[in-house]
Amino acid sequence: MGLANETLRFTAQTMSSGVLILLILFTVFTMTGSALPDNEVPGQLNPESTAVYVLDADHHHLGDGVKPELMPHDAEGTVYTKTFVLNRIDGDTASITLTTRSVVPTDSAGIGLFYDQVYVNGNKVGKLNDYILAKEQDNLTRSVTIYLSTKLLYSGENNITISSGCNADCSDYDDFEFYDLRLEIIPGSKYLYSENVRPPLKNIWSSSIGGYRNTPLPVVSQSGEVIFYKSSQVDPDTPGGKQTINAIDARNGELVWSHETGGSWELHDHLVYAEGLLFASDYENIYAFGDNALEWKFNLKPYQGEYISAPEVLRPIVYNNTIYTTLYNAGKVLAIDAKTGALKWIYSFSPEQEPLDKEYRISYDSTIPAASKGIVVLIEQVEYRENIMPVAIEPGMEDPNELTVEYIEYNGEDIPIEPETESPNVATPDTKIFTRVFALNASNGEEIWNYSINGVSSLYGKTPFIDNDLVYFGLEDKIVARTLGTGRPIWSADVSWPHVYAVADGKVFASAGSDVVALDAYDGSLVWRSHGTPGPLSVYGGLVYVGINGNENLLVMDGNTGEQLWKGGRTFGSDVSQPVLSNGRLYMSASDSRLYAFEHGEPGIQDTLASLVGYLPLFAIAAMLVLLIVFMRKIKNKSLALGSWLLALAVVLFLSNIIMLEYIPEAGWGMGLLVFMSLPVIIVAGILLLAFGMWQKRKMNLPIDKIS
């Protein structure tokens, strides 16, 4: 009994030493900050020329009370709206400037309480409270400037709304004064806070978004305060899992709210934020969420295709208070009121020379739509594939060359699986493909123009781009430009496997196979080509940000020359989404199912150490080997020492693997799987050596801690 107790004590001490080593390694590797620096300063705008519109110079008092120190003393109501007309919009950036007094500061407003919001054409662009930094400034006048994209403005009638915030039950409203309301359109300042996202870039926080290898495009609110994503949670009562829409704080990655859709299908990855609402979709519905709950949902079942009972919605776009989306496998375009969810119009792709000699199955493919200046543009493809119907064959009369059609059950229907033919004596099913570009009237869905193009292998996920009255398409082997109003061809450039991601600064930016190219937006000539740098990209402030695979996931290039300026942006995943730049930060999701936020700054030693978490099991093994050398030199009974060490190694590897998978879920198919598979072998070997060592000890009758 004494020998067994000594052995257990020795083994426990060995395991304690191993766990201590693991804790030290983990502490070193994860010493990286997750909050924004206290001295963060946003980038400054320096416009060379600005169009200034004085909308209202009078004093106004919003709220529900009387304040003698304000002008006027009595509140005029809780909501103020100013309507104005813009004949033209020359610029990409606008700002709203006004002078305020007695606005409740943000640091005393509480979560969502007394927030004095500003809206442009129904879009929330900011709140006045953010510009009042301390309580002692409450009664001081303060100039407030809120920047916004001119995409929120219309050529014609517009409106600005300012609302007074209230407490939880809206029994008390914030009383404040404002005057000298101005709108400025800044043609020389396309990019807000561009200095904040110039390389080098450092990671300021990361947040888990759930799922496996989940890399959705980050969606940022207009104010830049909140980032949205979808997630799926295991639920025994829901076959597809519990579907939720989540919002996280852009400052630190912490969860702000989460809403369930109540749907039975998994949500599509794409989300869209506009008009103060977040739009999502699955195979049954389109959902619109506000800050507090579901606002409306639109049932897609009545619009299902003939062959596929569950229509798939491509990423919807929002233009002029209307959602435009394509049911890409049902051949339909829907226009839905963004505020109410009511259907405005529906456009169905025409059959296009449907063959009459045989029975064909129809399938559809289409791009994401684009909309501007009252026109919706998209590419649509119709495929007619000959149906191969099964023939009843008498037993013993089977033909080895005869096609056999199999079926799968899908939503209660038998769907035929097209057979593959390998015999030269059997004819392949006849296939006809027609591809066209459509321009539709955004108000009523009437066709404005269309033209046919050669077949494209896949349109899914692609989108036309509209800029300066031209529309750009990336097809199978070329990029083309046509006029928006008439579809007249302007230029065509040969580019292999292009995917157009941006049109900016007079250039078209696209991935082209394993390269990135920039073309002149007006004549299609090649400006530059960067070899071996494929990936989804964004353009901002004259720089091209490319999400790349590998140990470093972000490449920054000069937009004018294609010169590679910086490479870094390390995440715990190998694949990443398209980078999204908003309000002085860069966001992208990685295949470790985490969302990352970056801003300007040196990565530093902490980012490097944090990236080593992926190698934590290897470092743990190395540290344990050092411990083994010490034991083997000092312990007489080698079998006992090695057996105890192996059991301690199993515990350390298990814990290090758990920690690694928490940060890098996708490692479960690599190093994580290797570690878990090796654990049983290590444990069995440790037990056998430990037993053999105890037998040797009993035989030799030596103290367990005998030093050689």
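This is a short tour of the structure, one selection at a time. The model is predicted.

**The whole chain**

Start with everything shown. The protein chain has five helices and 44 strands. Of its 708 residues, 51% count as buried. The accessible surface comes to about 33200 Å², and 53% of that belongs to carbon and sulfur atoms. Now think about contacts between residues at least 6 apart in sequence: 61% of them join residues at least 24 apart.

**The largest nonpolar core**

Select Ile-96, Leu-128 and Ile-162. Of the 26 residues in the largest nonpolar core, these three touch the most other members. Next, colour the elements that give two or more residues to this core: strand 3 (79–86), strand 4 (93–101), strand 5 (117–120), strand 7 (142–149), strand 8 (156–163) and strand 9 (176–186). Strand 9 gives the most, with five residues.

Zoom in on Leu-128. Leaving aside neighbours within four places in sequence, what is Leu-128 in contact with? Its partners include Leu-98, Val-118, Val-144, Ile-146, Ile-162 and Phe-176. Thr-100 and Asp-116 are also among them.

**A second core**

Move to Ala-335, Ile-362, Val-376 and Phe-434. They belong to a second, separate core of 19 residues.

Select strand 32 (residues 478–483) beside strand 33. Five bridges pair them in the antiparallel sense. Arg-482 stands opposite Pro-489 in strand 33.

Last, select residues 585–590, which are strand 43. Six of the six residues are buried, so strand 43 is largely enclosed by the rest of the structure. Show the side chains. Arg-585, Tyr-587 and Ser-589 point one way, while Leu-586, Met-588 and Ala-590 point the other way.

Val-580 has Tyr-587 as its bridge partner. The two strands form a hairpin with two residues between them, and Asn-583 in the turn has a positive phi of about 50 degrees.

Five bridges join it to strand 43, and the two run antiparallel. Here Met-588 is the bridge partner of Tyr-596. This hairpin has three residues between the strands, and Ser-593 takes a positive phi near 60 degrees.

Methods: Residues numbered from 1 in each chain as written. Predicted model: local features only at pLDDT ≥ 70, side-chain atom pairs only at ≥ 80, totals over all residues. Heavy atoms only, no water. Pairing = 2+ DSSP bridges. Helix = DSSP H or I, 4+ residues; strand = E, 2+ residues; numbered from the N terminus. Buried < 20%, exposed > 50% of the residue type's maximum accessible area, 1.4 Å probe, protein only. Contact = heavy atoms within 4.5 Å. Areas by Shrake-Rupley, 256 points an atom, 1.4 Å probe, with all protein chains shown as cover. Core = buried A, V, L, I, M, F, W, Y, C linked by side-chain atoms within 4.5 Å.
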